[in-house]
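Please open the model in a viewer and keep the selection tool at hand.

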Amino acid sequence: MTKSYEELPLTPISTEPSTINLTGLWRVIRPVVDKEKCKKCKICWKFCPDAAIKLVDGEPVIDLRYCKGCGICAFECPQKCIIMVREDEA
Ligand code: SF4
Ligand code: SF4
């Protein structure tokens, strides 16, 4: 039987917005977009699990404060114009 929320155990909650968590600090590789090849299809923007890609005049711009370097954008880009580069080589 489904429980009401009042019957569920208490859990920790954040009192701050998640934007204070700078998940980009975890990153060891970063995405780099080849703007010449980019078709502005927005697929990378749609797939980024951290909402770390902003669209500026239709072009993807990576917000490195939040990009964790998972590589999903590079995997999903149909043009293969995002490459993942090691932080110590960027
Ligand atoms: S590497 Fe992952 S977190 Fe970073 S922009 Fe691409 S999809 Fe988002
Ligand atoms: S998925 Fe690739 S081609 Fe599409 S907007 Fe992103 S970088 Fe550009």
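Begin with the largest cavity: 15 residues line it, and Cys48, Cys67, Gly69, Cys70 and Cys73 lie nearest its centre. On a 1 Å grid over the protein atoms alone, a cavity is a set of points where a 1.4 Å probe fits but cannot get out, a pocket is an open set with protein on both sides within 12 Å along at least five of seven lines, and lining residues have an atom within 4 Å of a point. This is a predicted model, in which local features need pLDDT of at least 70 and side-chain atom pairs count only at pLDDT 80 or more, while totals for chains, interfaces and linings use all residues. Residues are numbered from 1 along each chain as its sequence is written, chains are lettered from A and ligands numbered from 1 in the order in which they are written, and side-chain values use heavy atoms, with hydrogens and water left out.

The volume of the largest cavity is about 100 Å³, a volume being the space filled by probe spheres set on the grid points, which are joined across faces, edges and corners. Its lining divides into 11 nonpolar, 2 polar and 2 charged residues; Ala, Val, Leu, Ile, Met, Phe, Trp, Tyr, Cys and Pro count as nonpolar, Asp, Glu, Lys and Arg as charged, and the others, Gly among them, as polar.

Now select ligand 1, which sits in the largest cavity (more than half of its atoms lie within 2 Å of the grid points). Around ligand 1 there are 13 residues, with Cys48, Cys67, Cys70, Gly71 and Cys73 coming nearest; a residue is near if one of its heavy atoms lies within 4 Å.

Of its 13 lining residues, Cys38, Cys41, Cys44, Cys77 and Cys81 are the closest to its centre. The space is taken by ligand 2, and the residues that come nearest to ligand 2 are Cys38, Cys41, Lys42, Cys44 and Cys77. The shell around ligand 2 comprises 9 nonpolar, 1 polar and 3 charged residues.

Which residues line the largest pocket? Select Ser18, Thr19, Asn21, Thr23, Pro49, Asp50, Ala51, Lys54 and Tyr66 to display its lining. The largest pocket has a volume of about 160 Å³, and its lining consists of 3 nonpolar, 4 polar and 2 charged residues.

Finally, select Phe75 and Lys80: Lys80 lies over the ring face of Phe75, 5.5 Å from the ring centre (NZ of Lys or CZ of Arg within 6 Å of the ring centre and within 35 degrees of the ring normal).
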